[in-house]
Amino acid sequence: MQQQTMFDRWWIYQRERFPIVAHGVLIAIFSSAAISYSVLLRGGTKILNLSTIIVAFISVFLFFLQLRIADEFKDFDDDLRYRPYRPVPRGLVSLRELGWLGVATGIIQLSLAVWLTPTLALLLGLVWLYFGLMCKEFFVHNWLKAHLLAYMCSHIVIVPLINLYATACDWLVAQASPPADIFWFLVASFFNGMVIEIGRKIRSPKDEEFGVETYSAVWGRKKAVFAWLGAIALTAIASFISASQIDFATPVGCLLAILFIVAIAVAWLFLRQPITKWAKLIEKTSSLWTLLVYLSLGIVPLTLRLLHYLPY
């Protein structure tokens, strides 16, 4: 068999564990929405600064890559035992290589923060501190493993923290204080994180794997699906309040109502016939929901305001 080059190995790794294009699109919308929402709250009237967009996107992309790398370390023993087909257990890339990649991403983030505005490095340190605690599972590993909801919530807090960092690429550069009204936007990002997390771990009985903790396996299909719908409903409430703070409540409210009906229909399909196709549709609906929520809270209203379709 022909030996794989380093490029081949990393290309396969990203395809299986962190698809650059798919994740990149979602993260680009996530980071741009955060900056746009911050601009809207500040009453900004200018097109987004390109350097701010680039720094926010690269930094956020690397945050999520670091989370993936951390998972490889945390899950290594379980992957070795139950999922030997994954890239690390089967020897495609090593933990040592991933560790060095993680260090490199940190250096890039720090360099970008200092370059954009040195104060941003302090906020970067805050995100890294929480990330470090997550890697240690807050020193209560056994308790968290026994309480899946607490485990999920404690880990998803990193999402609004990353979101706060992305917004800071705007308000810190503008030498402004963090907008007080940004709270509900961060709450929306927390529940959006839950939607993605639960949605990707609802599986059909045929796809459940021994030793792999999915929400459908631990909570049961019905509870997992209702938890997913609950997370969507809570995201909708927080998103609607966020939208009202930028005078964009009516369009966002209509969009959320339509999407929620779609989510209920998808949930009903899966519960009626729990097969792979409908489980995958839940995961895809989660991504679509998240993408449209961020577009409607940041990029779309800012664009309309800049085009004078919305009042300043």
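## Helix α10 and Glu197

Helices here are DSSP runs of H or I with at least four residues, numbered from the N terminus. In this predicted model, helix α10 spans residues 183-199 and contains Glu197. With a relative accessible area of 15%, Glu197 is buried, because buried means under 20%.

The side chain of Glu197 makes a polar contact of 3.1 Å with the side chain of Lys201. Leaving aside residues up to four places away in sequence, Glu197 touches Met152, Ile156 and Tyr215.

## Salt bridges

Side chains of opposite charge can pair when their charged atoms come close. The whole structure holds 12 salt bridges. One of them joins the side chains of Glu97 and Arg9, at 2.9 Å from N to O. This pair links distant parts of the chain, 88 residues apart: Glu97 lies in helix α5 (residues 95-116) and Arg9 in helix α1 (residues 6-17). Glu97 is partly exposed at 24% relative accessibility, whereas Arg9 is buried at 16%.

Helix α1 also contributes Arg17, which is linked to Glu72 of helix α3 (residues 50-74) across 55 residues. Arg68, Asp71 and Lys74 form a network of salt bridges.

## A nonpolar surface patch

Leu126, Leu129, Leu133 and Phe139 make a nonpolar surface patch of about 410 Å². Phe139 sits in the loop between α6 (120-135) and α7 (141-146), and is exposed at 64% relative accessibility.

Key:
Residues are numbered from 1 along each chain as its sequence is written. This is a predicted model: local features need pLDDT of at least 70, side-chain atom pairs count only at pLDDT 80 or more; totals for chains, interfaces and linings use all residues. Side-chain values use heavy atoms; hydrogens and water are left out. Helices (H or I, at least four residues) and strands (E, at least two) are DSSP runs, numbered from the N terminus. Buried means under 20% relative accessible area, exposed over 50%, partly exposed in between (1.4 Å probe, protein chains only). A polar contact is a pair of N or O atoms within 3.5 Å; within protein, one must be able to donate a hydrogen and the other to accept it, and residues adjacent in sequence count only if both atoms are side-chain atoms. Contact means heavy atoms within 4.5 Å. Patches are made of residues with over 30% relative accessible area and no salt bridge: like charges are joined within 9 Å, nonpolar side chains (Val, Leu, Ile, Met, Phe, Trp, Tyr) within 5 Å. Accessible areas come from the Shrake-Rupley method with a 1.4 Å probe; for residues, only the protein chains shown count as cover. A salt bridge is a side-chain nitrogen of Lys or Arg within 4 Å of a carboxyl oxygen of Asp or Glu.
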